[in-house]
Amino acid sequence: DGHAATREIRLREGQRGSRHIPVIAMTANAMAEDRNRCIVSGMDDYLAKPYEMAALNAILRRWLPETTGV
């Protein structure tokens with residue numbers, strides 16, 4: 001599941017001293033406790049379905065490094 005996978009990613013980041021990988025939950029569960037569970041398990045952000053493209057774009061811009069050139 002996504003929570004277990006995220007905990008494992010965070011564990012390995014800590015063990016290896018590697019860079020932080022953004023993890024964003026995308027779920028149909030839209031309750032406040034669902035969001036809190038995602039954050040507690042180490043996810044960086046949360047997007048409830050159904051979502052609007054503007055919301056997805058905002059989250060991606062927040063967590064992905066800017067690219068240059070095209």
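I start with burial: buried means under 20% relative accessible area, exposed over 50%, and partly exposed in between (1.4 Å probe, protein chains only). By that rule D45 is buried, with a relative accessible area of 7%.

Housekeeping: this is a predicted model, where local features need pLDDT of at least 70 and side-chain atom pairs count only at pLDDT 80 or more, while totals for chains, interfaces and linings use all residues. Residues are numbered from 1 along each chain as its sequence is written, and side-chain values use heavy atoms, with hydrogens and water left out.

**Entry: helix α1**

I took helices (H or I, at least four residues) and strands (E, at least two) as DSSP runs, numbered from the N terminus. Helix α1 covers residues 2-16 and has 15 residues. I looked up which residues of α1 are buried, and got H3, T6, R10 and E13. They cover an arc of only 85° around the axis, which puts them on the same side of α1; the arc is that of the directions from the helix axis to the C-beta atoms. Q15 and R16, on the other side of α1, are exposed. The buried residues of α1 pack against α2 (32-40).

D1 caps the N-terminal end of α1, with a side-chain oxygen 2.7 Å from the backbone nitrogen of H3. Just after α1, G17 takes a positive phi of about 65°.

**Entry: S41**

S41 sits in the loop between α2 and β2 (45-48). S41 is buried, with a relative accessible area of 5%. Contact here means heavy atoms within 4.5 Å. Leaving aside neighbours within four places in sequence, S41 is in contact with H3, T6 and R7. I also noted the backbone oxygen of C38, 2.9 Å from a polar atom of the S41 side chain.

**Entry: salt bridges**

My criterion was a side-chain nitrogen of Lys or Arg within 4 Å of a carboxyl oxygen of Asp or Glu. How many salt bridges does a search of the whole structure find? I got 4.

E13 and R10 meet in one of them (3.0 Å, N to O). Both lie in helix α1, 3 residues apart, about one turn of the helix. D44 and R10 form another (2.8 Å, N to O). D44 lies in the loop between α2 and β2 and R10 in helix α1, so the pair ties together parts that are 34 residues apart in sequence. D44 counts as buried at 17% relative accessibility, and R10 is buried at 18%. I therefore logged R10, E13 and D44 as linked in a network of salt bridges.

D45 forms a salt bridge with R62, the closest N and O atoms being 2.3 Å apart. This pair links distant parts of the chain: D45 is in strand β2 and R62 in helix α3 (residues 53-63), 17 residues apart.

Notes:
Expected span 1.5 Å × (residues − 1). Polar contact = N/O pair within 3.5 Å; in protein donor to acceptor, adjacent residues only side chain to side chain.
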